[in-house]
Every structure is written in structure tokens, then in C-alpha cells.
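The sequence and the coordinates are shown first, and the text follows them.

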Amino acid sequence: MPKAVLPEALPPQAQGRPVKPGGTPTPPAEGTRPPGERVGPAPGPGAGQGGRGAEKGSEEALSGRQRLLKGVWPPRLTRAQLIVALLLFGLGLGLAIQVRSTNENSVLRGARQEDLVRILDELDSRTQRLQDEKRRLENQRTELENSSDQAEEARKQTLQKEQQLGVLAGTVAAQGPGITITIDDSRGSVESDMLLDTVQELRAAGAEAIQIGKVRVVAGTYFADSGGAIQIDGQKVTQPYVVKVIGKPEDLEPALNIPGGVVQSLEKEQATVSVRREKKIVVDALRSAKRPDYARSSSR
């Protein structure tokens with residue numbers, strides 16, 4: 001088998017290069033290559049070292065700020081780093097909200113020293129008054145427990161309170177200053193809701209006891225129309241409707257005569273209304289005390 005001969009071992013004439021007189025071969029012209037010669041530099045250990053050296057030189061040419069930006073941006077975050085960043089952000093936001101709410105809820109924050117001293121003095125004075133009131137009530141309880149006279153006074157106070165509640169409930173008669181309202185409805189145009197509006201207006205003006213005809217008006221009173229007549233708590237009232245009211249006349253009468261009030265509403269229905277102040281009104285219609293079926297006193 002014949003041996004392979006390298007191109008360098010061939011004579012210049014075989015390599016295709018002309019030979020000058022004297023035996024020196026002429027180098028090949030630019031752009032031409034001998035037959036069998038490869039294009040480009042042959043790879044060698046020096047080629048890789050030259051590439052890294054060029055890259056190193058370009059990095060040294062960058063400034064410090066550019067190298068910092070190149071290392072930071074774009075960010076290279078892992079999933080764990082992203083989760084930690086979100087947790088820290090949430091923690092910081094919660095702390096900021098808590099500090100802000102604490103500052104807003106602190107009423108005394110930013111108050112002057114004189115104001116703080118005044119507030120403390122007021123608190124001390126209030127505490128002292130409450131302690132005095134406590135001692136007074138304790139002494140009163142002791143006197144009521146040990147003295148027969150004080151026990152009698154307590155019974156009188158209880159009876160007086162019972163009378164007041166009886167007036168409101170309609171179980172006892174009442175008298176005092178007030179007004180008398182007379183409604184003459186010859187055409188029969190006045191209905192039960194108009195009398196109810198009259199009662200509501202009187203209550204709002206401070207009426208303490210009300211009687212219409214022979215019926216005592218209390219909190220549970222109801223009005224109804226029945227066959228052209230008006231019934232109050234199931235009892236028929238006849239014309240003219242006479243309403244007796246105990247209260248302060250200076251407040252009751254103007255409340256009825258206000259524009260668009262009770263008097264004008266009744267007069268639009270062709271009814272005649274008269275209001276008269278009196279120094280003494282007697283409300284003697286009584287209601288029986290009804291014991292509730294389910295409600296019981298919660299006091300012991």
C-alpha cells in the first residue's frame with residue numbers, strides 16, 4: 001500500500017508554486033491557495049486563549065456602574081426569592097398600616113402639656129364626685145334600713161311613683177291645666193285616622209293624659225271606622241267629638257294650629273274645630289289594669 005506524502009514534502013513544482021531561478025519558490029498570490037490547503041486558521045491552543053483575552057479586555061473597558069447594572073438588571077430571581085420578597089412586602093405593609101392606625105386613634109397625641117394637665121384634673125374631679133355619690137347612696141341605704149321614718153318616706157315615694165304610672169296607664173283619674181278640643185262633623189266626613197292624627201300631634205306636643213268622649217286614650221288605644229261611626233277601643237263615640245287634654249296649653253294649642261296641621265286638615269273636610277285653653281281639665285275615664293299574659297318584671 002503506498003504511503004501518503006504530505007504537501008510540504010513535495011517539490012515546489014508539484015505544489016503548483018513557480019520556482020525562481022536559483023531554486024527559491026515564489027509564495028502564492030493573495031486570494032489563491034495551493035491544492036489541498038484548508039481555509040482559515042488551524043485550531044490550536046492559542047486560538048481559545050485569544051478569544052478569552054478579547055472578552056476580558058471588553059469587560060475591563062466597561063465602567064464600574066455599567067458592570068453593576070449588567071449584573072443587577074435584568075434580575076434573575078428564583079421562585080423561592082420571589083416568595084420571600086412578597087412575604088417581606090406584606091409584612092412591611094401590615095406594620096405601616098398598624099402604625100398609622102395607632103397614630104390616628106391616639107386622641108392625646110400632640111396635645112400640649114397644659115391640656116394634658118387639665119384633662120387629668122377633670123378626671124380626678126369626676127372620680128371624686130362619683131365617690132361622693134357612692135357614699136351618699138350607701139348612707140341613704142343604711143338610713144332606710146335602720147330608720148322607720150326613712151322607711152315611711154320610701155313607701156311614700158313608691159306610692160307617688162305608682163300614681164304617676166297610673167295616670168299614664170289610665171288606671172287613675174287625673175286633673176291639671178290643658179285644652180279642650182270640640183270637633184263638630186255635621187257632614188260625617190271625619191274618619192278615624194283623622195282622630196288618630198290629632199292624638200299623635202298632641203302626644204308629640206307633650207300631652208300627659210287624653211280623653212275622647214268617655215274613652216281614656218292610652219298607649220294601646222286603637223281607632224276604627226264602623227258603619228259611618230268611629231270606634232275607639234271598641235266603644236262608639238258620638239258627635240260632637242270632645243277631646244280633653246292635660247298638658248301645657250302654651251305648647252298644645254300652637255301644635256294644632258300650625259299650617260297644614262290638625263285644625264286645617266279637619267276644616268278641609270268641612271268640620272268645625274274649636275280649641276279652648278283651660279286652667280283645670282279633669283280626665284276621669286278609667287281603664288282596668290290588665291295583667292299581661294307573658295311579660296313579667298325583670299327587676300328583683
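How many bridges join S5 to strand S6? There are 3 bridges between S5 and strand S6 (residues 235-237), and the two strands run antiparallel. The model is a predicted one.

## The chain as a whole

The chain has 300 residues, of which 18% count as buried. Its secondary structure comes to 9 helices and 8 strands. Among contacts with a separation of 6 or more, 69% are between residues 24 or more positions apart.

An open sheet is formed by 3 strands in the order S4-S5-S6, with antiparallel pairing. S4 and S6 are its edge strands, each pairing on one side only. On average, neighbouring strands of this sheet are turned by 40° against each other, direction ignored. Helix H7 packs on this sheet and touches S4 and S5; the direction of H7 makes about 160° with that of S4.

S4 is joined to strand S5 (residues 229-232) by 4 bridges, and the two run antiparallel. Within this pair, Asp225 stands opposite Ile230 in S5. The hairpin of S4 and S5 has 2 residues between the strands, and Gly227 takes a positive phi near 60° there.

Strand S2 (residues 209-212) pairs with S3 over 3 bridges in the antiparallel sense. Gln211 stands opposite Arg216 in S3.

Where does Thr221 lie? The residue is in the loop between strand S3 (215-217) and strand S4 (223-226). Thr221 counts as buried because its relative accessible area is 13%, under the cut-off of 20%.

Two polar pairs involve the side chain of Thr221. A polar atom of this side chain lies 2.7 Å from the backbone nitrogen of Val218. The side chains of Thr221 and Asp233 are joined by a polar contact of 3.3 Å. With neighbours within four places in sequence left aside, Thr221 is in contact with Arg216, Ile232, Asp233 and Arg287.

## Loop residues with particular backbone angles

Asp233, the partner of Thr221 in the 3.3 Å contact, lies in the loop between S5 and S6. Asp233 is not a glycine, yet has a positive phi of about 55°. Is Asp233 buried or exposed? With a relative accessible area of 16%, Asp233 is buried.

Gln270 lies in the loop between helix H9 (262-268) and S8. Gln270 likewise has a positive phi, of about 65°, although it is not a glycine. Gln270 is classed as partly exposed because its relative accessible area is 47%.

Another backbone feature is a cis peptide bond from Gln239 to Pro240, with omega near -10°. Pro240 is found in the loop between S6 and S7.

| Residue | Relative accessible area | Class |
|---|---|---|
| Thr221 | 13% | buried |
| Asp233 | 16% | buried |
| Gln270 | 47% | partly exposed |

Terms used: Residues numbered from 1 in each chain as written. Predicted model: local features only at pLDDT ≥ 70, side-chain atom pairs only at ≥ 80, totals over all residues. Heavy atoms only, no water. Buried < 20%, exposed > 50% of the residue type's maximum accessible area, 1.4 Å probe, protein only. Polar contact = N/O pair within 3.5 Å; in protein donor to acceptor, adjacent residues only side chain to side chain. Contact = heavy atoms within 4.5 Å. Pairing = 2+ DSSP bridges. Axes fitted to C-alpha atoms, helices over the stretch in contact; angles between N-to-C directions.
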